[in-house]
Amino acid sequence: MTSSTTARWQAGTPASQGGRFRAQFRSADEVELRPGADEAVAVNPATPAKTLTRLSYAKDELVRLAVAGNPNTPAADLQRMLNRGRDVRAIVLGNPSLPEKDLVAVARRPKDGDLRALAQNPALTANVIRAAMETADSGVRNMLLSHRAAPADLAAMRTPEQTVPAPVSFARPAAEVVADPNATSDELRNFAYTRDPALRAKVAAHPNTPSRILEGYLRLDQQTLLQVLRNPSLSEDAIIGRFSRPVIDTRSALGVAASRPQMSERFARFVLDSWTDQGGFQMVQRVPALLAANPATPPSVLRDLAGWREPEVRQALAENPAMRVAA
């Protein structure tokens, strides 16, 4: 391990997953794992396919989630990532670059949550929708039948809305509201219940979104959950109250919580305790390193982390300017 990285992992399939490293790349090819840096590369749709392939093997689940949702990720990598955990699988199923044959296969033999994730894929075809309709519950069936690719002969099966709201005229379009840091809570409330996952994620990240809406977003899809956890306007108590022990029940959510721009000592220790409860160093998500790298982590917690021997944690502390205050 070098001083310029917190971790390196040679691209390939680890022995812990039942095999040797695959000779897909030269032995010198490595993936650098730095909190935040690789995630930004992985989420960028302009990132080359070869780079996304390498990042798809990252230990950091936040990086894998970003690769799973990137439309430029090669189909072969998306197919492999369907088996990289529930959260990654859900994001892959919403990726428009996943081939139709894989969507049909999942629709015919879905796992828990697959059909809801699949129904949000903009590239669904009539074949996929027909296959999914065979086992979908009523809520997912309506989502499928609302899709632009839904066959005309199935449209009559859609359950009618119980109420038809009166047309609402908004002074500003949604894109302008969510991009405005001074948007009012009333304006954001108008778009809070959209079915558009991309717009909902932007409402979730806006600091002026009303607290009740942010707390409700904690119970929605994975994309919305990760965005709302980053929102400094969401109270720590709301996060703690949302999750039963183990408190934050997805590794990616736990990593985002460790990177929040503001946190109390109680919340920082809560995140660290949750990480320990879920397996500690057996987890691929480097939660202690993210806490150690976060300038918002309270000095008392940084001082405790200074006693850790793990290279990732020590490197992150060395680069954290807040450590000078904590020392």
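The secondary structure of the chain comprises 21 helices and two strands, in what is a predicted model. Of the 327 residues in the chain, 47% are buried, and the accessible surface amounts to about 16600 Å², with carbon and sulfur atoms contributing 51% of that area. Among the contacts in the chain with a separation of 6 or more, 52% are made by residues 24 or more positions apart.

**Two helix pairs**

Two packed helices are described by the angle between their axes and the distance between the axes. The table sets out these values for two pairs.

| Helix pair | Angle between axes | Distance between axes | Crossing |
|---|---|---|---|
| H3 (residues 61–69) and H5 (residues 86–93) | about 20° | 8 Å | right-handed |
| H8 (residues 126–133) and H9 (residues 138–145) | about 165° | 10 Å | left-handed |

On the H3 side the contact is formed by Glu61, Arg64, Leu65, Ala68 and Gly69, which meet Asp87, Val88, Ile91 and Val92 in H5. By class, the residues of this contact divide into five nonpolar, one polar and three charged.

For H8 and H9, the angle of about 165° lies over the limit of 145 degrees, so that H8 and H9 are roughly antiparallel to each other. Here Ile129, Ala132 and Met133 in H8 meet Arg141, Leu144 and Leu145 in H9. The residues of the contact of H8 with H9 comprise five nonpolar and one charged, with no polar residue.

**Surroundings of Arg116**

Arg116 is located in helix H7, which spans residues 114–118. When residues up to four places away in sequence are left out, Arg116 touches Asp137, Val140 and Met143. Of these, Val140 and Met143 fall within the range of H9, residues 138–145. Gly94 lies 22 residues from Arg116 along the chain, and the C-alpha atoms of the two are separated by 9.4 Å.

How values were computed: Residues numbered from 1 in each chain as written. Predicted model: local features only at pLDDT ≥ 70, side-chain atom pairs only at ≥ 80, totals over all residues. Heavy atoms only, no water. Axes fitted to C-alpha atoms, helices over the stretch in contact; angles between N-to-C directions. Helix = DSSP H or I, 4+ residues; strand = E, 2+ residues; numbered from the N terminus. Left-handed = near helix turned anticlockwise from the far one by under 90°. Contact = heavy atoms within 4.5 Å. Nonpolar A, V, L, I, M, F, W, Y, C, P; charged D, E, K, R; others polar. Buried < 20%, exposed > 50% of the residue type's maximum accessible area, 1.4 Å probe, protein only. Areas by Shrake-Rupley, 256 points an atom, 1.4 Å probe, with all protein chains shown as cover. Parallel < 35°, antiparallel > 145°, perpendicular 65-115°, else oblique.
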